[in-house]
Amino acid sequence: MAPKNSKVTRNPNLIPGIGKYSRSQMYHKKGLWAIKAKNGGQFPHHEKKAKPETTSEKPPKFYPADDVKKPLVNKRKPKPTKLRTSITPGTVLIILTGRFKGKRVVFLKQLPSGLLLITGPFKINGVPLRRVNQSYVIATSTKVDISGVDVNKLDDKYFGKKAEKKKKKGEGEFFEAEKEDKNVLPQEKKDDQKLVDASLIQSIEAVPDLKAYLAARFSLKSGMKPHELVF
Amino acid sequence: MVKGRQGERVRLYVRGTVLGYKRSKSNQYPNTSLIQIEGLNTKEDVAWYCGKRMAYIYKAKVKKNGTHYRCIWGKVIRPHGNSGVVRAKFKSNLPPKSMGAKVRVFMYPSNI
C-alpha cells in the first residue's frame, strides 16, 4: 500500500484511553477476518527475524513525574462569516471605525477568512485595497458596477504581515538597520491598486455625483437618528 | 494618531447621558448603568441599539499610553422601561462621578 501522508486512526479517541470502537468492531474494521480467510482460517505467522546487536542504550536521566496526557485532536474548521444580504460586490460601504472612519468605500469581494475586501478607490478618497470586518461597516443601497475588475489574485496571504526578520548582532549595524525598511510599500502593491481602480473609476465617473459622494465622509449631524436612517 | 486630516471631525457615534445605576428605591446595583440615548423615546426604537458598543471617556492627570484621555468600554444590553432609556454594562463599573456625564454610543457591531 502507498504510504499515507496523514495518519488517520481507525479508532478515534473519545477520551484519552477510550476508543470509539470496541474490540470486536476493531477486528472487523482492520479486516483481520479477510486476512484470516485468505490464509485458510489462521492468521499468517512468520518467523521472527534475528535482531541485530545494538549498543545498549543509556537509560534516560529524566522521567516525567506524572503521565503527560495527549490532548484530543481538534479537526473543526470554522466557516467564513456569513455575508449580509445587503452586501454584494459593488456596494458602497461606510466604514465605522479605524483610520478611515466615515469614508465611503467600494466593496469588492469576501475573502476566505471572512473579511471584506474594499478599495477607496485610492484616487478618490485615499483608501487603499484593504480588508475590513463586516461588523464595522454599514452597507448602503448604492451599487457600483464592478464587472470590469479582476480581484482573483487578492487573497488573505496578500494582506498578511511579512515574516522577514533577520536578526543582526552587531552594534554598529544596529542603528542603521532599524531605520531602514520601515513600511515601504512595495511597487507591486501600488500597481495592483492602480489596476483595480482603473476600471472602477471609469464606472464611477459614469454615474453623476458618485465621485463626489465617495470622496465625502459620512458623519452624524444634529438631529440624525441612526435607527431611523435608511442607508 | 495620524494627523493627516485637518479639522475633519466625523461623528460616528450617538451621544448619550449616564443617568445613574440600575436601582430600586433604596438600593442600587452599580454593575449596570442606565443611559439616556439622544433621540430615543420608545422601547421599540432601542432594538436597533442593542449590542452596540459604547465608551465612557474621561480625562485624568497622569498620561497613560501617551494621552490624558481614558476610556471605559461597554455595550447596550436591553431597554429599560418604555421610554427609550437603555441598560448598559461596562467592562468595569462606571464611577459615580460619571452620573450626568456623556457617553458615546457607536454604530458597531453593525447589522445594516
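This is a predicted model: local features need pLDDT of at least 70, side-chain atom pairs count only at pLDDT 80 or more; totals for chains, interfaces and linings use all residues.
Reader: Let's start with chain B; what do the 6 strands close into, and in which order?

Author: The 6 strands of chain B close into a barrel in the order S1-S2-S5-S4-S3-S6, and the pairing is antiparallel. From one strand to the next, the twist averages 45°.

Reader: And how many bridges join S1(B) to S6(B)?

Author: There are 5 bridges joining S1(B) to S6(B), which run antiparallel, and within S6(B) it is B:Val103 that stands opposite B:Gly16. On the other pairing of S6(B), 2 bridges join this strand to S3(B), again antiparallel, with B:Ala55 standing opposite B:Arg104.

Reader: What about S3(B) and S4(B), how many bridges there?

Author: S3(B) and S4(B) run antiparallel and are joined by 8 bridges; B:Lys64, for instance, has B:Thr67 in S4(B) as its bridge partner.

Reader: Which residues touch the most other members in the largest nonpolar core?

Author: That core has 31 residues, and those touching the most other members are B:Ile35, B:Ile37, B:Met54, B:Phe90, B:Val103, B:Val105 and B:Met107. Each of the strands S1 (13–23), S2 (28–37), S3 (53–64), S4 (67–80), S5 (85–90) and S6 (102–106) of chain B supplies at least two residues of this core, and S1(B) gives the most, with 4 residues.

Reader: Take B:Met54, then; what is this residue in contact with, leaving aside its neighbours within four places in sequence?

Author: With those neighbours left aside, the contacts of B:Met54 include B:Ile35, B:Ile72, B:Trp73, B:Val76, B:Ala88 and B:Phe90, and also B:Val103, B:Arg104, B:Val105 and B:Phe106.

Reader: Staying in chain A, is A:Asp192 buried or exposed?

Author: A:Asp192 counts as buried because its relative accessibility is 10%, and buried means under 20%. Its place is in helix H6 (residues 187–206) of chain A.

Reader: Changing topic to the backbone, which residues does a cis peptide bond join in chain A?

Author: In chain A, a cis peptide bond joins A:Gly120 and A:Pro121, with omega about 0°. A:Pro121 has its place in the loop between strand S5 (116–119) and helix H3 (122–125) of chain A.

Reader: And in chain B, which residues does a cis peptide bond join?

Author: In chain B a cis peptide bond joins B:Tyr108 and B:Pro109, and omega is about 0°; the place of B:Pro109 is in the segment after S6 of chain B.

Reader: What about phi, say at A:Asp209?

Author: Most residues other than glycine have a negative phi. A:Asp209, although not a glycine, has a positive phi of about 70°, and this residue lies in the loop between H6 and helix H7 (210–215) of chain A. With a relative accessible area of 66%, A:Asp209 is exposed.

Reader: Where in chain B does B:Asn65 lie, and is B:Asn65 buried or exposed?

Author: B:Asn65 lies in the loop between S3 and S4 of chain B and has a positive phi of about 60° although it is not a glycine. B:Asn65 counts as exposed, since its relative accessibility is 83%.

Conventions. Residues are numbered from 1 along each chain as its sequence is written. Chains are lettered from A and ligands numbered from 1 in the order in which they are written. Side-chain values use heavy atoms; hydrogens and water are left out. A nonpolar core is a set of buried Ala, Val, Leu, Ile, Met, Phe, Trp, Tyr and Cys residues joined through side-chain atoms within 4.5 Å. Buried means under 20% relative accessible area, exposed over 50%, partly exposed in between (1.4 Å probe, protein chains only). Contact means heavy atoms within 4.5 Å. Two strands pair if DSSP finds at least two bridges between them. Axes are lines fitted to C-alpha atoms, for helices over the stretch in contact, and angles run from 0 to 180 degrees between N-to-C directions.
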